[in-house]
Amino acid sequence: MHADIEKVYQESLQRNPTQPEFQQAVREVIDSVEPLIIARKDYQDAEILARVIEPERQIMFRVAWEDDQRHVRVNRGYRIQFNSALGPYKGGLRFHKSVTLSVVKFLGFEQIFKNALTGQGIGGGKGGSDFDPHGKSDSEVMRFCQAFMTELSRHIGADVDVPAGDIGVGAREIGYLFGQYKRLSNRNEAGVLTGKGLNWGGSLARTEATGYGLVTFAQAMLGEQGLDMEGMKVLVSGSGNVATYAIEKAQSLGAKPISISDSSGAVYDPDGIDVELLKQVKQVERGRVSDYAQRRPNAQFRAGERVWGIAGDIALPCATQNEMNEAEVATLVKNGVKLIAEGANMPLTPQAIEAAQASHILYAPGKASNAGGVATSALEMQQNAGLTQWPFVKVENRLDKIMLDIHRECLETAHEFGKPGDYLVGANIAGFRKVADAMLDQGII
Ligand code: NDP
């Protein structure tokens, strides 16, 4: 590593000693953008790298709420306002017991470059809490969301910071959060959150956008190689928002998704996933993938396992960070996988990414391939600003175009830097360059 870049990296390691996920995300970006920084003396003089890896603002707060038995519970809330060079901070909220400062910072850091790739004029941020929604009643979720928003409301706004959903935060939680923001601010500020209900400011196709966009991106990658998804078997992990709509879109292109998972285990359904049953089990009944398996004639639930041991042509990790390791990539490659595209954020470990790239299968980093969700959130903000709601097909067409533009930009940038076909280098450099140029324009802040 170049000496000046190494110095910045070492300082970041020392400053954030207990943040492994954040350090992992920083390292991945630095490794990719090194040639760009070496070539740009103006970036070096302005200490762009040192500034971009330090969040503009980090907010941590206590969230106290009462459960149904009137016991007081205490959680921790976070909002990382990472970079506003391109527009208001934008990024989801995650409610999961695994949430830490490190997790929220890695997600916020990734979000900066993802949002830049969308070309939609949005900065990067992320937030959440170690609140675990599993097993909580509706009333408990509502009280938690209200307590969380009571503090968060001081820091957000349509032109300031616009949160959305992520793991554990779906339509129900966004509704409770928006209701409390409205009560506190006494304003109906639709643009303050995205992922809203369709009859109060939400965008059609936002629910579907991340999964649909992921599959559009994967299909474009295959298209570059003269391949098509039709008839291919698809391994999907997760069973939430991203996984469900990736499955739906892949089916619409004639592919056959054959797996889902959650934190209790994996399901192999050789007949192809029944996406309507999946929605019923997960979205309506709030059940587990084992409940899905029980209602399918040939499906197997494999407790404690992941899906990567099943044979397939395409792998779409759509659950969480570091859910695929090097050995699992080796198994996938041995079983004939042609493409891995990330639906989740940072689902592959660094060693898994190396293994995928070394084996010459196609690999797409999440900041490019899962950017469809946030891109459509930006379209929701545009509709809110214009007091309008576009038809589904208009949003979907815009989403498709954005994903294909990102795909092209990744390939062109990778080519420019002597790494043809390397989507990781292309995505990191293309995103970083947009942010860095805006930071240069805006002076030392
Ligand atoms: P959901 O909460 O809807 O679903 C998450 C799924 O992942 C659930 O099936 C969950 O199972 C599983 N999961 C979570 N943690 C673990 C774990 N430690 N081990 C195994 N399975 C786990 O979230 P989303 O679908 O919205 O998000 C999935 C991923 O996609 C995340 O990485 C998110 O950051 C990313 N993403 C989401 C976007 C969106 O628009 N929603 C946009 C871009 C990226 P369980 O219920 O058992 O925890």
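## Cysteines, a helix crossing and the overall fold

The sulfur of Cys410 lies 17 Å from the closest cysteine sulfur, that of Cys318, too far for a bond. The model is predicted: local features need pLDDT of at least 70, side-chain atom pairs count only at pLDDT 80 or more, and totals for chains, interfaces and linings use all residues. Residues are numbered from 1 along each chain as its sequence is written, and side-chain values use heavy atoms, with hydrogens and water left out.

A search of the whole structure finds zero disulfides (a disulfide is a pair of cysteine sulfur atoms within 2.5 Å). Cys318 is in none.

Next, a helix pair. Helices are DSSP runs of H or I with at least four residues, strands are E runs of at least two, and both are numbered from the N terminus. The axes of H5 (residues 101–118) and H17 (residues 423–441) come within 8 Å and cross at roughly 85°. Axes are lines fitted to C-alpha atoms over the stretch in contact, with angles from 0 to 180 degrees between N-to-C directions. H5 and H17 are therefore roughly perpendicular (65 to 115 degrees). In H5, Ile112, Phe113, Ala116 and Leu117 meet residues of H17, including Phe432 and Lys434. Contact means heavy atoms within 4.5 Å.

Now the whole protein. Its secondary structure comes to 17 helices and 13 strands. Of its 445 residues, 57% count as buried. The C-alpha atoms fill a box of roughly 60 × 55 × 45 Å along the principal axes.

Note on methods
Angles under 35 degrees count as roughly parallel, over 145 as roughly antiparallel, 65 to 115 as roughly perpendicular and the rest as oblique. Buried means under 20% relative accessible area, exposed over 50%, partly exposed in between (1.4 Å probe, protein chains only).
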